[in-house]
Amino acid sequence: MKSLIAYYSRRGENYVGGDIVNLPVGNTEVAAGILQKLTGGDTFRIDTVKAYPGDYHATTEVAQQELRENARPELVSHCADLRDYQPWHVVRADLLRRMGRTSEALEGYHLALRLTQNRAERRFLERRLEALATR
Ligand SMILES: Cc1cc2nc3c(=O)[nH]c(=O)nc-3n(C[C@H](O)[C@H](O)[C@H](O)COP(=O)(O)O)c2cc1C
């Protein structure tokens with residue numbers, strides 16, 4: 001199964017263990033790199049159109065303002081088609097099942113099953129399909 005590691009990470013001035021440290025690569029970006037090596041998944045860097053200040057404290061001011069305004073900063077780009085990734089189909093099928101849209105849910109679980117290599121997930125999806133089909 002192809003996995004997607006979408007991450008948001010701040011480079012440069014960061015708060016690390018009580019000090020402000022200049023990080024050439026953000027903490028979460030390092031973690032995303034490790035996950036990529038372990039899983040072979042695709043990575044996607046989430047980034048805002050408007051850059052945050054380089055100064056850490058100035059960034060926290062901006063962030064607090066954004067929180068107050070319930071801001072939704074514009075992103076540079078969005079992920080590739082999420083339909084390439086199995087979890088998208090599982091979540092969609094599950095929501096359709098809960099809404100009572102059974103035939104669409106069945107179709108979604110079938111699509112998810114096609115993208116699944118993991119045995120435990122396969123069994124889970126097969127059970128879901130059985131339960132839906134016998135409704
Ligand atoms: C604009 C902005 C606002 C943030 N607000 C918070 C916050 O309110 N609380 C918090 O714990 N971390 C906050 N962070 C830190 C993020 O949680 C952190 O950047 C993210 O988890 C990625 O980790 P990394 O930047 O260390 O790689 C903020 C970061 C940015 C850039």
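This report describes the fold, the helices, the nonpolar core and the ligand shell of one predicted model.

The model is predicted, so local features need pLDDT of at least 70, side-chain atom pairs count only at pLDDT 80 or more, and totals for chains, interfaces and linings use all residues. Residues are numbered from 1 along each chain as its sequence is written.

**Overall fold**

The protein chain has five helices and four strands. Helices (H or I, at least four residues) and strands (E, at least two) are DSSP runs, numbered from the N terminus. Along the sequence the pattern is β-β-β-α-β-α-α-α-α. The radius of gyration of the protein chain is 20 Å, whereas a compact globule of 135 residues would have one near 14 Å. That radius is taken over C-alpha atoms, and the globule rule is 2.2 Å times the number of residues to the power 0.38. Along the principal axes, the C-alpha atoms fill a box of roughly 60 × 35 × 25 Å.

Of the 135 residues, 9% count as buried. A residue is buried if 20 or more other C-beta atoms lie within 10 Å of its own, exposed if 12 or fewer, and partly exposed in between; C-beta atoms are placed from the backbone. Contacts need C-beta atoms, placed from the backbone, within 7 Å. Among contacts between residues at least 6 apart in sequence, 53% join residues at least 24 apart.

**Ligand shell**

The residues around the ligand are Tyr8, Ser9, Arg10, Asn14, Gly26, Asn27, Thr28, Glu29, Tyr52, Thr59 and Ala63. Helix 1 (27-39) and helix 2 each supply at least two residues of this shell. Helix 1 gives the largest share, three residues.

The end C-alpha atoms of helix 1 are 18 Å apart, which agrees with the 18 Å that its 13 residues should span at 1.5 Å a residue. The expected span is 1.5 Å times one less than the number of residues. Gly40 follows helix 1 and has a positive phi, near 70°.

Asn70 sits in the loop between helix 2 (56-68) and helix 3 (86-98). Asn70 counts as exposed because it has 6 C-beta neighbours inside 10 Å. Its phi is near 50°, a positive value in a residue other than glycine.

Helix 3 has 13 residues and reaches 19 Å from its first C-alpha to its last, close to the 18 Å expected at 1.5 Å a residue. Its buried residues are Gln86, His89, Val90 and Ala93. Seen down the helix axis, they fall within an arc of 100°, so they line one face of helix 3. The arc is that of the directions from the helix axis to the C-beta atoms. These buried residues pack against helix 4 (102-114). Just after helix 3, Gly100 takes a positive phi of about 80°.

The largest nonpolar core has six residues: Val90, Ala93, Ala105, Tyr109, Ala112 and Leu125. Helix 3 and helix 4 are the elements that give two or more residues to this core. Helix 4 gives the most, with three residues. A nonpolar core is a set of buried Ala, Val, Leu, Ile, Met, Phe, Trp, Tyr and Cys residues joined through C-beta atoms within 7 Å.

Leaving aside neighbours within four places in sequence, Ala105 is in contact with Ala93, Leu96, Arg97 and Leu132. Leu132 lies in helix 5 (residues 119-133). With 16 C-beta neighbours inside 10 Å, Leu132 counts as partly exposed. With the same exclusion of neighbours within four places in sequence, Leu132 is in contact with Arg97, Thr102, Ala105 and Leu106.

Arg114 is found in helix 4. Arg114 is exposed, with 10 other C-beta atoms within 10 Å.

**Distances across the chain**

| Pair | Separation in sequence | Distance in space |
|---|---|---|
| Asn70 and Asn118 | 48 residues | 39 Å |
| Leu132 and Gln36 | 96 residues | 35 Å |
| Arg114 and Gln86 | 28 residues | 8.5 Å |

Terms used
Contact = placed C-beta atoms within 7 Å. Near = placed C-beta within 6 Å.
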